[in-house]
Amino acid sequence: MIRLRNTLFYLGSLFRPIVRLERTPERYLLPVVYAILSLLCILACSLPIKISRGEGYAVDSTDGHLVAHIAQGDMANGEFSNKIFALIKTLGQNESIETVEVSAGNDLINSMTVLFGEVALVEHLYGGIVRIDLIEKVGKEANLEDLQFAISEFHSAQIDDFRVWKKAGLKRTYHATLLGYLFALLVSLLALVILALTVRLSLRMQSKTLNLIHQLGATDSFSSLIFQSITLQRSLIGTTIGSFLGAGSLVLIDSILEIQGYVGAAHSGPAQFILLLLVPLGLTALSVLVARQVALQFLRKRH
Amino acid sequence: MIRIENLTFSYHDEKPILKGLDLNFSAGSFHFLTGPSGSGKTTLLKIISMENSVKEGHVMVNGHDLAVLDREARALMRRKVGFVFQDFRLLPQMTILENVALPLRITGAYGRAQYQQVSELLAWVGLKEVTRKYPPELSGGEQQRAAIARAVVSRPVLLLADEPTGSVDDAMAERILHLFMELHRGGTTVVVATHNLTMARSFDRPILKLSDGRVDH
């Protein structure tokens with residue numbers, strides 16, 4: 001019963017402070033600090049998520065996918081077409097290959113313009129080129145030597161095995177994701193330090209009030225409760241603002257990525273929008289805990 | 001109630017203000033403490049109220065040695081001590097009503113009945129009209145009365161008052177001391193530090209004179 005009463009008193013005091021503190025300038029500063037920290041945390045945490053999503057997209061879209069680019073070279077048009085048809089037939093008979101797709105001319109230019117964003121450049125690179133996309137059967141890995149042999153008639157042609165460069169790419173994205181998480185951790189640590197410093201600043205500004213309530217019989221827990229309550233209020237205001245700014249930033253980053261041609265690759269998903277809710281709540285809870293610890297430490301040293 | 005043995009105290013290793021002081025205030029007693037400025041009256045009250053720590057000697061309050069009490073116990077002990085500060089120490093950001101109710105709020109014993117009690121007390125000290133005002137809006141005398149109301153609101157077992165009548169007229173000073181007498185009759189131990197020897201004598205209570213950090217018998 002006493003525990004319930006104490007808990008209710010604690011919760012009540014958290015949302016409605018018993019002692020009103022002096023109006024000092026840091027009461028305006030703190031919500032701004034919390035808003036900036038919240039925004040930084042949202043961006044820092046969404047960075048590795050974005051990289052992972054981009055990586056996932058790259059893996060999904062290239063799994064079991066082989067490509068060959070064949071240049072017309074010095075062959076005559078008719079001879080080239082016949083040989084391509086023959087090649088498609090040969091490749092289609094390979095037991096590991098599910099489908100063979102050929103793109104050339106405008107089809108190829110259109111599909112590559114999405115990636116390069118410039119028609120002139122695509123025409124320059126892909127003029128007179130035929131692209132053959134080979135999709136492997138699920139669970140079957142094609143023998144690259146066989147495929148390479150099949151296209152060997154076209155001297156410059158090479159099977160582009162995504163697996164080769166994907167391995168290097170995945171290694172790079174792994175490092176980038178790791179770096180992203182490190183950055184998020186760094187920002188969180190920085191947030192923790194700033195939170196502790198702002199609470200200390202607040203405590204110093206309110207030393208007159210603290211001394212008096214201490215003299216009137218306030219325990220350390222009671223005094224720290226006042227600061228937890230103030231921190232809770234200011235943190236909630238600040239992190240909510242930070243969350244709105246974070247939402248705006250994510251939308252902005254998505255539109256920039258879309259303009260750059262990374263359609264869908266690193267688009268914000270539900271995980272990033274959950275961050276907008278989790279970061280403010282987490283930061284607020286952390287602030288209250290930090291406020292409690294810093295206040296108790298400060299009070300023990302002071303009195 | 002209060003037993004002081006061989007108490008020596010100095011601020012920051014300067015010249016001692018209290019020098020081997022021995023004193024005894026029995027429970028339910030009423031004492032006046034007089035002496036010239038710098039004689040150690042305020043320092044002694046601050047040590048008894050645990051605002052200053054005992055460095056040398058012993059101070060026992062209500063059977064507890066103040067030097068060995070832990071932080072929680074000291075806080076709980078302070079709740080039983082009412083202190084009228086010389087500089088009032090009202091919180092400027094809180095109304096007079098909130099300031100006076102503060103000791104009750106700290107103990108968690110503040111409800112409708114206590115609100116009524118605080119209002120009546122404020123009316124008794126002549127502050128009925130200013131309960132919603134803030135301390136800077138009040139005169140020195142009014143602030144002092146509010147500080148006195150705050151010190152007695154929780155009906156402390158020990159009341160320490162440092163120059164409680166310094167900023168009020170004679171009539172109000174007499175009323176205040178009568179309030180202290182009333183609390184004393186109710187069992188509260190009262191120690192009043194004052195310069196006003198004439199008024200202290202008129203109450204027919206023991207007067208202790210501090211001089212150069214010692215009791216001048």
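**Exercise 1.** In which sense do β4(B) and strand β5 (residues 64-65) of chain B pair, and over how many bridges?

*Solution.* The model is predicted: local features need pLDDT of at least 70, side-chain atom pairs count only at pLDDT 80 or more, and totals for chains, interfaces and linings use all residues. Residues are numbered from 1 along each chain as its sequence is written, with chains lettered from A and ligands numbered from 1 in the order in which they are written.

Step 1. Strands are DSSP runs (E, at least two residues), numbered from the N terminus, and two of them pair if DSSP finds at least two bridges between them.
Step 2. β4(B) and β5(B) are antiparallel, with two bridges.
Step 3. B:Val61 lies opposite B:His64 of β5(B).
Step 4. Two residues separate the strands of this hairpin, and B:Asn62 in the turn has a positive phi of about 55°.

**Exercise 2.** Find the other pairing of β4(B) with β1(B).

*Solution.* Step 1. Strand β1 (residues 2-9) of chain B joins strand β4 (residues 56-61) of chain B through five bridges, in the antiparallel sense.
Step 2. B:Glu56 in β4(B) is the bridge partner of B:Thr8.

**Exercise 3.** Describe the six-stranded sheet of chain B.

*Solution.* Step 1. The sheet is open and mixed, in the order β6-β7-β8-β3-β9-β10 (chain B).
Step 2. β6 (81-84) and β10 (214-215) of chain B are the edge strands, each pairing on one side only.
Step 3. Strands β7 (residues 158-162) and β8 (residues 189-193) of chain B run parallel, joined by five bridges.
Step 4. B:Ala161 faces B:Val192 in β8(B).

Technical notes: Helix = DSSP H or I, 4+ residues; strand = E, 2+ residues; numbered from the N terminus.
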